[in-house]
Amino acid sequence: ETVERWAAMAGCPVEPATIYRKDGTTGTAYGFPGEKPAVVLYAIEGHGHHWPGGNSSLPDSIAGKNTAAFRATDLIWEFFKGYILGD
């Protein structure tokens with residue numbers, strides 16, 4: 001519901017598009033066809049409280065499992081590098 005509200009505030013169409021699906025992770029983008037997505041949500045099945053693709057200092061028994069399927073830092077940069085400050 002929260003990501004749908006962000007998409008609505010950005011004026012995105014209601015129908016999202018799946019842009020990533022691998023190893024229990026799904027990326028869903030909201031935006032206009034042929035344009036950069038305005039809102040993107042990545043859902044990671046079974047992932048604990050860690051930075052995806054980062055090092056874990058806590059054991060799984062405390063923070064849950066970590067994923068090495070992708071690096072969150074790279075995905076975030078991929079999203080923002082297409083925008084110019086002030087757009």
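Proline 16 has a relative accessibility of 34%, so it counts as partly exposed; the cut-offs here are under 20% for buried and over 50% for exposed. Keep in mind that this is a predicted model. As for where it sits, proline 16 belongs to the loop that links helix H1 (2–9) to strand S1 (17–22).

What does proline 16 touch, once neighbours within four places in sequence are set aside? Its contacts are Thr28, Ala29 and Tyr30.

Threonine 28 is part of strand S2 (residues 25–30). Is threonine 28 buried or exposed? It counts as buried, because its relative accessibility is 16% and the limit for that label is under 20%.

S1, S2 and S3 make up an open sheet of 3 strands, in the order S1-S2-S3 and with antiparallel pairing. S1 and strand S3 (39–44) are the edge strands, each pairing on one side only. On average, neighbouring strands of this sheet are turned by 15 degrees against each other, if you ignore direction.

How many bridges join S2 and S3? There are 6, and the pairing is antiparallel. Within S3, valine 39 is the residue standing opposite tyrosine 30. Helix H1 packs on this sheet and touches S2 and S3, with its direction at about 165 degrees to that of S3.

## Aspartate 23, in the S1–S2 loop

Between S1 and S2 there's a loop, and aspartate 23 lies in it. Its backbone is worth a look: aspartate 23 isn't a glycine, but it has a positive phi of about 45 degrees. Aspartate 23 also counts as exposed, since its relative accessible area is 58% and the label applies over 50%.

## A nonpolar patch on the surface

Which residues form a nonpolar patch on the surface? They are Trp51, Ile76, Trp77 and Phe80, and together they have about 490 Å² of accessible area. One of them, phenylalanine 80, is found in helix H3, which covers residues 72–80.

Conventions: Residues numbered from 1 in each chain as written. Predicted model: local features only at pLDDT ≥ 70, side-chain atom pairs only at ≥ 80, totals over all residues. Heavy atoms only, no water. Patch = residues over 30% accessible without salt bridge, like charges linked within 9 Å, V, L, I, M, F, W, Y side chains within 5 Å. Areas by Shrake-Rupley, 256 points an atom, 1.4 Å probe, with all protein chains shown as cover. Salt bridge = Lys/Arg side-chain N within 4 Å of Asp/Glu carboxyl O. Helix = DSSP H or I, 4+ residues; strand = E, 2+ residues; numbered from the N terminus. Buried < 20%, exposed > 50% of the residue type's maximum accessible area, 1.4 Å probe, protein only. Contact = heavy atoms within 4.5 Å. Pairing = 2+ DSSP bridges. Axes fitted to C-alpha atoms, helices over the stretch in contact; angles between N-to-C directions.
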